Amino acid sequence: MSIRSEPLAAIGRFPRRSASVGVWLDRQSVFSWLMMAPPLLFLAALVGYPLCYGILLSLQDRPVAHPGTFVGLKNFATNANDPIFWRVVFNTFFYTAVATLLKMVGGLALALAMNQQFPLKNLVRALLLLPFIVPTVLSTVAWMWILDPAFSVLNWLLVALGVPKPGPSWLGNPILAMLSIILINTWRGLPYYGITLLAGLQTVPPELYEAATIDGAGGWQRFRYVTLPLLRPIILIVTLFSVIFTFADFQLVYVLTHGGPQNATQLFATYAFDIAMGAGQLGLGASVALAMLPALALLIVALTIYLRRG
Amino acid sequence: MNTTSRRRFLQLAGLGAVGTAIGPRSPSAETKSLTLLHESSFIKTYDEYFQKTLAPAYERETGVKVNYELTSVGSLPTRITTISETGSGADVTATFFLLPFLFDEKLLDVSDIADEIGKKQGGWYDAAKEAAVVNGKWKTIPFSNIGQLMNWRTDWFAEVGFKQFPETWDELYEAGKKLKANDHPFGFELGHGFGDNHGWLYPLLWSYGGAEVDPDGKTVVIDSDETARAIDFARKFFRDTMFEDVLGWTDPSNNKAWYAEQISCTNNAESILWLAKRDFPDIAKVTDQAQNPAGPKGRFHIMSAVSHAIFDFSPQKEQARAFLRWLMDEKQLGGWYASADTYYQPLLHGYDNAPMWQEEPRNIPYRDSLANAHLVGWPAPPSRHSAESVAKYVVVDMFAKACTGTSTKEVIKSAEVQLKEIYRAV
C-alpha cells in the first residue's frame, strides 16, 4: 500500500452516495475538527485541567489527604502576610530579569561569533548546545561540586590568584548564592538564545549589508541598523520563552540550595512545592504557584502586542 | 498496487487507534501481590536484605509476592501524596517524620497489630507512640528511629585536650574554638536540607528551654528568654567554631566535608561511620559518636522514626495487615535490623541488648538517645501546622539569620510572625 496526496479537486467534491461514515468523515468541517481534536484534547487534559484544578485548589483550605473547604481568597491573604512570600516575589523577579538579560546579551554575542567562518564551525556549534542538552539535575550536581568549598575548582583558581583561603562561600553567602544560581541558569540557557539567534542571523540577506557598506555604514552601524531590526522579532520570541522558563525554574534551585540560605534563592516554584508537598497544604501551595500567573500573563500580552505592532 | 489517499489513511488509522483503546483485552492471570513503598536507604544492604531475603521468604510462606518499590531520597512525601490523592499505588508505605499526621485519614487503624507486637517484644518506647499514634489510634507501625547525633574526630579533639566528647554545649563550644584555631572547624548544617539542620537546631532550642508552640498546640511561645539564650549561643557557636559555607549546606554537604577531612564535628545519622568503615577506613578509625550535648534544661534529640502504614483504600487490606504482622515478627525483624548494623534503631525494648549493638559499640549512643527524642515541633502535638513550620524552615532560618548578624530580637520577632500566621487557624 502506498499513500498519495489527494488532488485538491477531489477534496472539494462531495459525490452523492448513501449516507455512510466514510462520507461523513470526508466532509471538510468534520474532518478538520477530527484532526484538531487530539491536540485540543491534549491541551485540555495536560494544561487546561491542571490550571482549572489549581485555581480550584487555591480557593480551598485543602490539607493533603483531607477534603477541602472553600475559603475564597484567604490563601492569597495569607501569602500577603507572609514575609517569605514577598522575599520569593523579589527573588523571582530579580533572578528572571538578570538571567534573561545576561542570556540575551550573551546569546547575541555568541550568535554573532558563531556566524563567522572558522575551522570546525559545525562541531563547535553542536558542542555549544551541550549545556542545554544535558539534564538540568545532572549539570546542577556538577555545579554543586564546582561551588563546593572543599572541592571548588573555582576557589582553587581564586586562591591561586591570591584570594585568601578558602575563597568565597558561593552557596553559603545569600548574595553569592543568588548570583550563583543566576550564573548557572545563564550558562544553561545561553545556547538556546545563541542557536536561535544564529538561525535568525542566517536569514538576513547579504545584499542589505552590501548596500549599507556602500552607503558608508561601519560595523556598529550595520549591526545597529540592519542586524538588530531584522532580529528583533526573534529576540522577542526567544525572550518570551526564556522568561517563562526562568520565572518557573525549579530543578536548579531545588537541587543546589533548596531555597537557602535563609530563603535567599527561594523562587515561586520551589516555595510552592515546599508548602504543597512538604507541609501538605495543597491549597496554600497552589495559591503561591498561581501568584506567578498574572505577572507572566501580563508579560506575554505586552510582548505579543509589541511584536504585532513591530 | 493499492493506493490510499492521505486522508483515508488518517481516517483508518484513527479508527484503528480508537478500536484498540476500547476493544476487549486479553484476560491476564490474577497474581497475589502487595506493594511496599520505601525510600532508598543510605545503607544498601538494608534494601538488598528485603529484596533478596524477606520478600522471597514471604512469597514462599504465603504465595504473596511483595513488590519493594523504591523511591529516591527526599521524594517519599511527594510519592505518598500522589498515591493518597489518586487512591491507587502501593498498599503499604514507609512513613517518617510527620507524615502519619498529614495522611492520617488515608491510613488504616493498626492499633491491634501495634499492641500485639509491643506485648511480644518488650514494649514500645514512648518515642514510638509519639511518632505513630494519631488521635488515640496507631496509624502506622513504628519500625525504627534514624537518630541524629554528634560525630566527632577523636584524634583532633585529643590534640586540644578532649579525650571524651564534651558533656554540654558550652564545653563543646570551648573545644570548637580551639579546633577552629587548629584549622579543624565544626560543620553543622544551617541551610535548607531535609534533616541534618533540624537534627541539631531543635535539640539546641529545647536544651535551653525554648519551644515554638505551647503543649496546647495553639499558643506561640517562641518569644522567650530561653529562645534568646539558645540563639545567642548559636551565633557565637557559628562564629567561633564554623565557617560561612554551612549556611548554604544541604544534607549531603556535611558528609562530603567529613570525608574530605574538612570538619572535626558534625551532627548526622550513623551512616557517616558506616560509609567511612566501607570507603574511608582511616577516617573511620578516628570517628566516634556521642549524644547531643546538654543545655541548661537538659539533653534532647530529634525523633526521625521510620514506620509502616497501610493505605485505607488498598484493595488488599487484610493481606497487608497479615504482611505487617509477619514483617514485624522478631524472626524477620532482627535480621532486617542487623542488615544495616544499627542505622535503624529499634523502637521496641526487646532489642535494647540485641547482639548488633555489641558489633559496633560506637553506635550505642544512638540507642540511648531514644530516651529523650522528640518530633519536630515538640512539646506541641504533631500537626499539619508543625509540618508547615518545618517546610518553611522557621526554626532553621531563625538561627541562621542570627548567625549572619541579625539581632536576636529581630529573628525571634520574624519567627513569631510566621508561627502566628501558621497557627492562626487552630
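This section describes the architecture of chain B and selected backbone features of chains A and B in a predicted model.

Chain B contains 20 helices and 14 strands. Along the principal axes, the C-alpha atoms of this chain fill a box of roughly 90 × 55 × 50 Å. Chain B has 426 residues, of which 49% count as buried. Among the contacts in chain B with a separation of 6 or more, 77% are between residues 24 or more positions apart.

Two domains are assigned in chain B, and each is built from two segments of the sequence: domain 1 comprises 33–146 + 303–364, and domain 2 comprises 149–301 + 374–422. A distance of 28 Å separates the C-alpha centres of domain 1 and domain 2 of chain B. To the contact between them, domain 1 of chain B contributes 16 residues and domain 2 of chain B contributes 16 residues. On the side of domain 1 of chain B that touches domain 2 of chain B, the elements giving two or more residues are α4 (99–102) and α6 (126–132) of chain B. By residue class, this side of domain 1 of chain B consists of 9 nonpolar, 4 polar and 3 charged residues.

An open sheet in chain B is formed by 3 strands in the order β9-β8-β10, and the pairing is antiparallel. From one strand to the next, the twist averages 30°. Strand β8 (residues 149–153) of chain B is connected to β9(B) by 4 bridges, and the two strands run antiparallel. Within this pairing, N151(B) has T266(B) of β9(B) as its bridge partner.

Most peptide bonds are trans, and most residues other than glycine have a negative phi. In chain A, the peptide bond from G260(A) to P261(A) is cis, with omega near -10°. P261(A) is located in the loop between α13 (251–256) and α14 (268–278) of chain A. In chain B, a cis peptide bond leads from W378(B) to P379(B), with omega near 10°. P379(B) occupies the loop between β14 (373–374) and α18 (384–391) of chain B.

Positive phi values are found at D183(B), where phi is near 70°, and at Y393(B), where phi is about 55°. D183(B) is a residue other than glycine, and Y393(B) likewise is not a glycine. D183(B) is placed in the loop between α8 (169–181) and α9 (198–207) of chain B. Y393(B) is found in the loop between α18 and α19 (394–403) of chain B. Y393(B), by contrast, counts as buried because 28 other C-beta atoms lie within 10 Å, and the threshold for burial is 20 or more.

Terms used. Residues are numbered from 1 along each chain as its sequence is written. Chains are lettered from A and ligands numbered from 1 in the order in which they are written. This is a predicted model: local features need pLDDT of at least 70, side-chain atom pairs count only at pLDDT 80 or more; totals for chains, interfaces and linings use all residues. A residue is buried if 20 or more other C-beta atoms lie within 10 Å of its own, exposed if 12 or fewer, and partly exposed in between; C-beta atoms are placed from the backbone. Two residues are in contact if their C-beta atoms, placed from the backbone, lie within 7 Å. Domain bounds come from an automatic or database domain assignment. Ala, Val, Leu, Ile, Met, Phe, Trp, Tyr, Cys and Pro count as nonpolar, Asp, Glu, Lys and Arg as charged, and the others, Gly among them, as polar. Two strands pair if DSSP finds at least two bridges between them. Axes are lines fitted to C-alpha atoms, for helices over the stretch in contact, and angles run from 0 to 180 degrees between N-to-C directions.
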